[in-house]
Amino acid sequence: MANKLAPSPPTTIHGQSDAIEIPLTKRMEMYRLLSLLRQSEQRAYDLFLQNLIKGTSHLSLGQEAVAAGAAAAMQPGDLSFCTYRGHAHTLARGVPVEKVLGELMGRDNGLMRGKGGSMHLTSIEHGVMGSYAIIGAHLPIACGAAWRAQYKGHKDVSVCFFGDGTTNIGAFHEALNFAAYMKLPVVFVCENNLYMEYTPIADVIPVKHPAADRAAAYGLDRIVVDGNDVDVVYQTMSQAFARARAGKGPSLIECLTYRYSGHSRADPAKYRPAGELDKWKELDPIKAYRKRLGSLGVQNDKLDAIDAEILKLIDDATKACQAAPPTSTDILFTDVYADGGCAWRN
Amino acid sequence: MAELTYREAVARGIAQEMARDENVVFLGEDIAKAGGVFKATVGLLEQFGPKRVVDTAISEQAILGAAMGAAMTGLKPIAEIMFADFIAVCYDYIANEFPKTRYMTNGQVSIPLVVRCGNGGGARFGAQHSQSVENWCMQFPGLKVVAPSSPVDVVGLLAAAVRDPDPVIFLEHKSLYATKGEVPDGEIVDRLGVAKILRPGKDATILALGMMVPRALQAAATLQSEHGIDCEVIDVRSLVPLDTQCILGSVARTGRVFTVEENPRQLGWGAELVSIIADESFYDLDGPPIRITTPNIPLPAADALEDLAIPSVSRVVETIRRSLSA
Amino acid sequence: MNVLMPQLGETVAEGTITKWYKAVGDSVAAGDLLFDIETDKTSMEVPAVAAGVLREIRAQNGQTVAVGAIVAIVAESGDAPPGPLEKDASGTRPQLADSPARDSAEPAVSGGTSRAIDPYHGLRTPEKNFGKARLPGGARTTPLARRLALESGIELATVQGSGPRGRVVAADVRRASLSGGSANATMTSSEASPDQIKALYTSTPYRELKLDNMRKTIARRLSESKQQVPHFYLNADFDVEALIALRKEINKGGTNRVSVNDLLVKAYALAMQEVPEANVVWAGDRLLQLERSDIGVAVAVPGGLVTPIVRNADTRSLLNLANELAGLIARARERKLLASEYTGGSATVSNLGMYGVRSFQAIVNPPQATILAVGAAERRPIEAKDGTLRATTMLSVSLSVDHRAVDGATAGKLLAAFRTIVENPLRILL
């Protein structure tokens, strides 16, 4: 009885991609990001197969256009709040690949020296305010950061990425209400990849669009975009950021996309209907963007050169991580409290 | 020097810190226009305006989440969770977010915030509005937990909590709001992690917190006058950080220790303290450490029942007297 | 490169190969499916991460292997992402079947002072125990009572308990201590903290001296001895006129000089041979009876006291003993003794005669059973056998004895044998 979402190209409500005017340099920057995110996630998967990455990891393969388009629209100082599926969003803000892979591999060169792991990538200096592994927790937190900007008169925007599964947890609704009535400079980005973890979102909700169809409850516009079209994402985000910076309050953007891999590394995603993955691979964001750049006169070999350059970057990062020592054990007891240690009694 | 109620001390403490530091902001349900459901925040909206004193929806996750986001980007929020029992609906922040973020990010993120709650029983509110939730909070490495018992401690410890770089859970006792005490004029700043010996004694140590502190003092007076038993009463004040040295020092002098806890028996704060005492002070103990707690039941609403459940002065007196006699 | 059994889920330790897509010799491209695996949690297709030729299959269909084990080897061709290096420190030790490769190396504990809390343990557990809660007779004691009893030298078994169910509590021990018994003055000081002691002297200028290890050892060993060893004392006065004369004779003109102490050590060593049941040490659940007389000599050194041992004092010639002792004393004063030179022995001789001390009682040096305290030789009038008074050179000695090891009569025999030798000193030279 639930409305099954067809794996067909989604209706673009915001931003008709053909009509979008984006400078070629920005487009090349976005292609670079797409290539970086795709190849980095692929490398993370390969390293996992070699047991060099332990624990869990959640890949964004197939969803790169959301992270790339959003990051390209952000300005330095804007703040990203990510989920446990946060490698791509973290890399997209300029965090070095070596730092991310090192963290995944539990090496001393990792972003948090192995204390957080795959699900908690954080780099304050890049505006990556954390990756949150409890569904929905970071929406109110992003509101708090936006509240600070509003209170202090700062111009930065907080951007909060989350999946379709988040839209039915209390914190989602509490945060949207809080942001909307406070008119906070925050942009909520729902990456609707059709599946929560293993279960299709359509099986458990009474509306077609898990985020956008709830926007009206908070007085917000209903926005659904093609999350596989990086130009569309970029343009939609730019509009939302402008609105936030102008003091007009939050936006809620639902980006339709698709996750190539399972929910986490333990999930082979066998619950997907036959052929669904193949159909979405036809809509691959990178393949599509190469075509668009081609139509704008960019030669394939130029794009191939970018891919090769990125691959070398990732190879170098991988080698550096493999050469790096395991996380130093002397940090086991550090940074529990602000005094740097873990003592709770005298 | 002025005589203030515990309730007035809350507003005085918040005002002291908001006047001192523009980064201190205050949010919660009914705290601004209504002055708080316990009337503990009256006058703050008028003094500091709606930008800094923010009424929220009934939305505890938004309150704590927003406080965290603000804290990690430079503000020093005070968030009110009206009844401490409601911590259960925003427990993710208490359990998963506040205490772990500094560690997980290898020290990149600080979360200097204070969560104030009306804690404890005695007001006939029944099982879901009367609990003492110290142990819901003190089990997480990374959090600090404070519970003042007097107006002057409310002001001083609140100031210390606001200035602390770590997240602090500040448990006010709702049955103490009407009690009075002398509060010196001028700025008052106390220190977290310092227990107070309120009454020196040589025969036994009584450890108490919140509303159990005045009861422990009264019990000590009765034990002295009627039974010749001289008890040392310590207001623990801060469970994390814990002033273990003060407590162990007292046990070394008296050889006996009793906790007076309002929480139900299972895993109350006293269990942790007694486990430390049993280990480190073992050869100072001249008898078993004894916990005096609410029995292992939800708190009932009717006064006759609630009064039976929460440790009373006479129960404290009787337990200690019996335990110290042969 | 090695193809490993991947970790299919955080809680999975092994996987079963259910299908191979490639055979040995097949070439593979990155992304080609290699094999299927199944675990108790899920199943999955595993692709190749690098191009090459499948050189070896180590785990066949149906075989269950541990996570991290090598299931196949692909000989790489061309450029491929770097595989796991052999020196990979994270320890995915390739191995088959039985144990999942896990890093269990315990992180090093950062060192700390004794005041710091070890975060693993989280507590400052007392380092010393004070005996069992239930005494051999069945009486119970509180921990504080046990500590106080040991610190004040009270035998708990003799204390009447006043606590619940007859338990001995601190107050009982304190009462017993005040009413005499074997309580001693150290109880107060051992209970008082340094600050409490200092508070007694606030009106007096003083200097604080740190305890060095020697001082700490002396304090600990002698406190234990005085509290735990049941001492008794035998006193006697010897006529040493002949001994003094003998010494004078030996030392006359010669380059080899011996002291009265050398003569006494040798005499005591010989006496021990005559009363072998006194030549014993206390070893907890047994006695050790020594064959030779190894005699310790208490030597005052700057900041304390050591007792080097003269081995085989009974069989050494007097000169040899004197030389040996002189060497030990010299090295003791330079703190150059080896541990083997001041441990062991069954008795000690302590001589304070040079300070004009007439007599004193010494504390037994465990596990030795006796210590002989020697005062100053002095001229004293004594009554001769014919009832007249005459002056002679007398020496007062006091023998402290561990009653656990040696009883009064045995000690008496020992002292009598010693007297015979001292008063007939030519035997020392035999």
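Over the ring of which residue does the charged end of A:K115 sit? The charged end of A:K115 is placed over B:Y103, 3.9 Å from the ring centre; a charge counts as sitting over a ring if NZ of Lys or CZ of Arg is within 6 Å of the ring centre and within 35 degrees of the ring normal. A:K281 likewise has its charged end over a ring, that of A:Y260, 5.3 Å from the centre. The model examined here is predicted, with local features needing pLDDT of at least 70 and side-chain atom pairs counted only at pLDDT 80 or more, while totals for chains, interfaces and linings use all residues. Side-chain values use heavy atoms, without hydrogens and water, residues are numbered from 1 along each chain as its sequence is written, and chains are lettered from A and ligands numbered from 1 in the order in which they are written.

Turning to the aromatic rings, 22 aromatic pairs are found over all chains. Rings of Phe, Tyr and Trp (its six-membered ring) pair if their centres lie within 6.5 Å, and planes under 30 degrees apart count as stacked, over 60 as edge-to-face and the rest as tilted. One of these pairs is tilted and joins B:F83 to B:F86, at 5.4 Å centre to centre and 45° between the planes. B:F83 is buried, at 9% relative accessible area, and B:F86 is buried too, at 19% (buried means under 20% relative accessible area, exposed over 50%, partly exposed in between, with a 1.4 Å probe and protein chains only). B:F83 also forms an edge-to-face pair with B:F125, at 5.5 Å centre to centre and 70° between the planes. Because B:F83 lies in strand 4 (residues 76-83) of chain B and B:F125 in the loop between strand 5 (114-119) and helix 5 (134-137), this pair ties together parts that are 42 residues apart in sequence. Helices (H or I, at least four residues) and strands (E, at least two) are DSSP runs, numbered from the N terminus. B:F125 is partly exposed, with a relative accessible area of 41%. Ring pairs link these residues into a cluster made up of B:Y6, B:F38, B:F83, B:F86, B:F125 and B:Y177.

The nonpolar cores come next. A nonpolar core is a set of buried Ala, Val, Leu, Ile, Met, Phe, Trp, Tyr and Cys residues joined through side-chain atoms within 4.5 Å. The largest has 149 residues, and A:F81, A:F188, B:L64 and B:F98 have the most contacts inside it. Helix 3 (residues 60-72) of chain B gives the most to this core, nine residues. Domain 1 (2-183) and domain 2 (196-324) of chain B each supply at least three residues to this core; the domain bounds come from an automatic or database domain assignment. Leaving aside neighbours within four places in sequence, A:F81 is in contact (heavy atoms within 4.5 Å) with residues including A:M129, A:Y132, A:I141, A:F161 and B:M72. A second, separate core has 96 residues, among them A:L111, A:C255, A:L293 and C:A48.

Helix 5 (residues 138-152) of chain A reaches 21 Å from its first C-alpha to its last, close to the 21 Å expected for its 15 residues at 1.5 Å a residue; the expected span is 1.5 Å times one less than the number of residues. Helix 5 of chain A is mostly covered, with 13 of its 15 residues buried. A:G153, whose phi is positive, near 75°, follows this helix.
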